[in-house]
Amino acid sequence: MTAMDEEYEYSAGRARIPEDTLLYAIFPDFALSESMPAEETESRLKELQVQCLDTISDFAKDYIWQHESFNLQPAITSSCTCTLNSNLRNPNPRDTVPHLHGRLKYGDNVEDEWFVVFILREITKRIPSVSARVWDTDGEFLLIEAAYAIPRWLRPENSWNRVFIWRGEIHILPLSASAGDYHLPVKPSVWDSLQALTSGFLQTRASDAVQNAINSRISGYPDKARVNMHRVRVRVPLSVAQVLKHEPHLISRAVEAFYDRDVDSMKAASRMEKFLGNKEMVDVSVRMSRAMYAQLVQQAFQAPRCYPMTPLSSPNYKEAELGMKISCGFEMMYQQRSHYQSETENAELGLSGSGVAGVQSSALKAARSRDIGWEAFRRSLENRGYFRGLLEGSKDHKKLMDEALDYYRNTTLFSRVRNSESISMNMRQFIKELKLATGPDIKKKGVCSEEESLEDSDYSSLDMDFGTIRC
């Protein structure tokens, strides 16, 4: 079971949302079909997953999230909290509605929460055949934002499965209503609610006052999300610079580890066994949210004795101090994630004390690309006759497969899927990320020059062009 499954597979008595965490779900219209085979449902959910990520790619691909990236995962099981009725002891069998769902810890950066609301609005606007729900620790926070405009009968105890985002607007299902042969129960299941929402039998669109309250809160996005980003120059070890260049989203994990450090992580930082290496230091530009920057700056922290700090009198001391905190955060994050991993597993991946080295094998490349984006990409190639009917496993087929994998890894789709899956990144995956980012083929001069901007160093702007691959 993945980390995502563990979060969502609550029993009825344990359904509790973690603090500062946002949950959301996207329901496709085809999920209301009771006759669709499970295999077809799963396949269509994966296609929708790719479509949703592609829809938001233009305004979300470069955003640095506070803790976790926006993510979507298929969900088909009946125990998912996204579809549980308020009657938890006797769940309705109709609560089992296949959908996509995700969770996002926003922590001190509430802008992440509202950026997700904007993203869900855009998805439902651009893909009219889906509807969305979003809630957090406080419950239906959209109703809280529009508290002065919502109907008086609407209360926390009767709001579950009533508030949706559909076709770019907020919809609130009435308390109890009938239209012809259709009747909406007082405590509707998610299936009941979706039927009422999409059938057109009932008037569900929220008032203009509610729409204005929510739209006012998310106005300015996606440009507002970019304004929330802060760029700062820091001095860090070469290995940290390499990771930041190739996996810039990991800065959020490093800041989180530093900000929430404990005694054990402090001990790890005092040794700096994994990221300091030969103490070669470089200057780089790092992009992070303003909340992350504040978390780093406001924390007093003494550099480890082994860390080569710039003298306090130096005009570059602040850059060095901030870089030291980031580097210690990476070390802390590494140790936290390796706590439950055996030394045998680390040795299997070729990890050394001074860094990560080794040449990426075909097997590793295949493992890195075994995701929903790759499956969609591979199916498209098959439909276009790319593999020329060659027997799977043959020498020529493997050669074409390796070429396709290499090409896929340079597409924006690959970057989006990796960011989406970062929520469940375990230690093995993290080490693989480092292995790709700090290989021996990367030279110091390729990290970041003094004048280089983040836009110039971003290498994930390649679009899929099937014409580049021979068909």
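**Strands, helices and rings**

Visitor: In β3, which residue is the bridge partner of I26?

Guide: This is a predicted model, in which local features need pLDDT of at least 70, side-chain atom pairs count only at pLDDT 80 or more, and totals for chains, interfaces and linings use all residues. Strands (E, at least two residues) and helices (H or I, at least four residues) are DSSP runs, numbered from the N terminus. In β3, I26 has as its bridge partner L100.

Visitor: How many bridges join β1 to β3?

Guide: Two strands pair if DSSP finds at least two bridges between them. Strand β1 (residues 21-28) and β3 run antiparallel, and A25 stands opposite H101 in β3. The number of bridges that join β1 to β3 is six.

Visitor: Which residue in β4 is the bridge partner of Y24?

Guide: Strand β1 is also joined to strand β4 (residues 130-136), by seven bridges, and these two run antiparallel. In β4, Y24 has as its bridge partner V134.

Visitor: Which residue in β3 is the bridge partner of P74?

Guide: Strand β2 (residues 73-75) pairs with β3 over three bridges, in the antiparallel sense. In β3, the residue that bridges to P74 is L100.

Visitor: How many residues of β1 are buried?

Guide: A residue is buried under 20% relative accessible area and exposed over 50%, with partly exposed in between (1.4 Å probe, protein chains only). In a regular strand the side chains alternate between the two faces of the sheet. In β1, T21, L23, A25 and F27 point one way, L22, Y24, I26 and P28 point the other way, and all are buried. Strand β1 is largely enclosed by the rest of the structure, because its buried residues number eight of eight.

Visitor: How many of the seven residues of β3 are buried?

Guide: Strand β3 (residues 99-105) is mostly covered. Its buried residues number six of seven.

Visitor: How far apart are the end C-alpha atoms of helix α2?

Guide: Helix α2 (residues 38-55) has 18 residues. The expected span of a helix is 1.5 Å times one less than its number of residues, and so α2 should span 26 Å. The model agrees, because the end C-alpha atoms of α2 lie apart by 25 Å.

Visitor: What is the relative accessible area of C52?

Guide: The buried residues of α2 include L48, Q49, C52 and L53. C52 counts as buried because its relative accessible area is 0%.

Visitor: How many disulfides are counted?

Guide: A disulfide is a pair of cysteine sulfur atoms within 2.5 Å. C306 is partly exposed, with a relative accessible area of 22%. The cysteine sulfur closest to that of C306 belongs to C328 and is 7.9 Å away, so the distance is too far for a bond. By this rule the number of disulfides is zero.

Visitor: How are the rings of F59 and F118 arranged?

Guide: Rings of Phe, Tyr and Trp (its six-membered ring) pair if their centres lie within 6.5 Å; planes under 30 degrees apart count as stacked, over 60 as edge-to-face and the rest as tilted. The structure holds 15 aromatic pairs. The centres of the F59 and F118 rings are 5.3 Å apart and their planes stand at 70°, so the pair is edge-to-face.

Visitor: How many residues apart are F59 and F118?

Guide: This pair links distant parts of the chain, with F59 in helix α3 (residues 57-60) and F118 in helix α4 (residues 110-126).

Visitor: What is the angle between the planes of F275 and Y334?

Guide: F275 is buried, with a relative accessible area of 4%, and Y334 is buried at 2%. F275 and Y334 form an edge-to-face aromatic pair, with 6.3 Å from centre to centre and a plane angle of 80°.

Visitor: What share of the 471 residues counts as buried?

Guide: The protein chain has 20 helices and 12 strands. Of its 471 residues, the share that counts as buried is 51%.

Terms used. Residues are numbered from 1 along each chain as its sequence is written. Side-chain values use heavy atoms; hydrogens and water are left out.
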